[in-house]
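Biologist: Please show me the model. Then we can go through it step by step.

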Amino acid sequence: MTENEVRDNAFAMPIHNPAFPPGPYRFVDREFLIITYRTDPEALKKMIPAPLQFVEPIVKFEFIKMPDSTGFGHYCESGQVIPVTLDGVAGGYVHNMYLNDHPPIAGGRELWGFPKKLGSPELQVHTDTLMGTLDYSDFRIATGTMGYKHKTLDSAAVKKSLEAPSFLLKIIPHVDGTPRICELVQYSLTDITVKGAWSGPGALDLHPHALAPIADLPVLEVISAVHILTDLTLPLGTVAFDYLAK
């Protein structure tokens, strides 16, 4: 294999059998349980990397089921998103994510900088309750519950919320362990079709774990719980800020 062939085929690792296919990535029947809660403002401020700006002491805990996703198959995901602004533009900073499928872990980290680790999330309906759970190393660290489809939400408003930009802190180390890439990445979901959206009473229970410290942003008050069913596309991102630029 020549130097040019290496360059031409250098999409992802390993070069002869990449862990994920090229994007963009389409998701069909993607299902969310999003529980918004109030947390400790001082703890939250420590988690937000400048130049992103703190807005209010709010966190969105998400449980997501993706039964049909391009190149990634069927998997579940869970994590915390923090409302922030960048240069006055409102969006969400993806603080951490846990999922049970290798291709989206590798692709998410390498392409965009999603803070993904291996975990065991689930989203299911249990009789009259929509329940999201997250286990890490066989230990239950999060349980979210919502009354199933108590109130229908406005689809246009939900679609607008899903179109808001998201921000990621992407870090790729050099061979000597220093950062070779350190940047804020921005992306926005596209081609969104909201198939249904509902609200209901919600509850969220978080437990401390040394390697999955979601409880470092404690639940002080649950503000809302929403359930969304949608088709959408995850496009590639752009660099919003480069920490290593001279």
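Modeller: First, a term: buried means under 20% relative accessible area, exposed means over 50%, and partly exposed lies in between, using a 1.4 Å probe and protein chains only. The model is predicted, so local features need pLDDT of at least 70, side-chain atom pairs count only at pLDDT 80 or more, and totals for chains, interfaces and linings use all residues. Residues are numbered from 1 along each chain as its sequence is written, and side-chain values use heavy atoms, with hydrogens and water left out.

Biologist: Is lysine 116 buried or exposed?

Modeller: Lysine 116 sits in strand β6, residues 116–118. Strands (E, at least two residues) and helices (H or I, at least four) are DSSP runs numbered from the N terminus. Contact means heavy atoms within 4.5 Å. Beyond neighbours within four places in sequence, lysine 116 touches Glu77, Met97, Leu99, Pro104, Ile105, Gly108 and Arg109. Because its relative accessibility is 6%, lysine 116 counts as buried.

Biologist: Which strands pair with β1, and over how many bridges?

Modeller: Strands pair if DSSP finds at least two bridges between them. In β1 (residues 25–38), 10 of 14 residues are buried. Arginine 30 faces threonine 230 in β15, and valine 28 faces aspartate 68 in β3. Both pairings are antiparallel: β15 (residues 221–234) over 12 bridges, and β3 (residues 58–69) over 10 bridges.

Biologist: Which element gives the most to the lining of the largest pocket?

Modeller: A pocket is found on a 1 Å grid over the protein atoms alone, as an open set of points with protein on both sides within 12 Å along at least five of seven lines; lining residues have an atom within 4 Å of a point. The largest pocket has 43 lining residues, with Ile34, Lys60, Glu62, Ser161 and Leu162 nearest its centre. Elements giving two or more residues to that lining include β1, β3 and β15. The top contributor, with 7 residues, is β4.

Biologist: What is the volume of the second largest pocket?

Modeller: Its 14 lining residues include Arg109, Gly113, Phe114, Pro115 and Ile171, the closest to its centre. The largest share of this lining, 4 residues, comes from β11. Volume here is the space filled by probe spheres set on the grid points, which are joined across faces, edges and corners. For the second largest pocket that is about 290 Å³.

Biologist: Which residue is the bridge partner of tyrosine 136 in β9?

Modeller: An open sheet of 4 strands runs β7-β8-β9-β14, with antiparallel pairing. Its edge strands are β7 (120–126) and β14 (202–206). Within the sheet, 8 bridges join β8 (residues 129–136) to β9 (residues 139–147). The partner of tyrosine 136 is phenylalanine 139.

Biologist: Which residue does a cis peptide bond join to methionine 13?

Modeller: Most peptide bonds are trans. Another, with omega about -15°, joins methionine 13 to proline 14.

Biologist: Where is aspartate 87, and is it buried or exposed?

Modeller: Phi of aspartate 87 is near 55°, a positive value in a residue other than glycine. Aspartate 87 lies in the loop between β4 and β5. Because its relative accessible area is 76%, aspartate 87 is exposed.

Note on methods: 1 Å grid on protein atoms, 1.4 Å probe; cavity = no way out; pocket = protein on both sides within 12 Å on 5 of 7 lines; lining within 4 Å.
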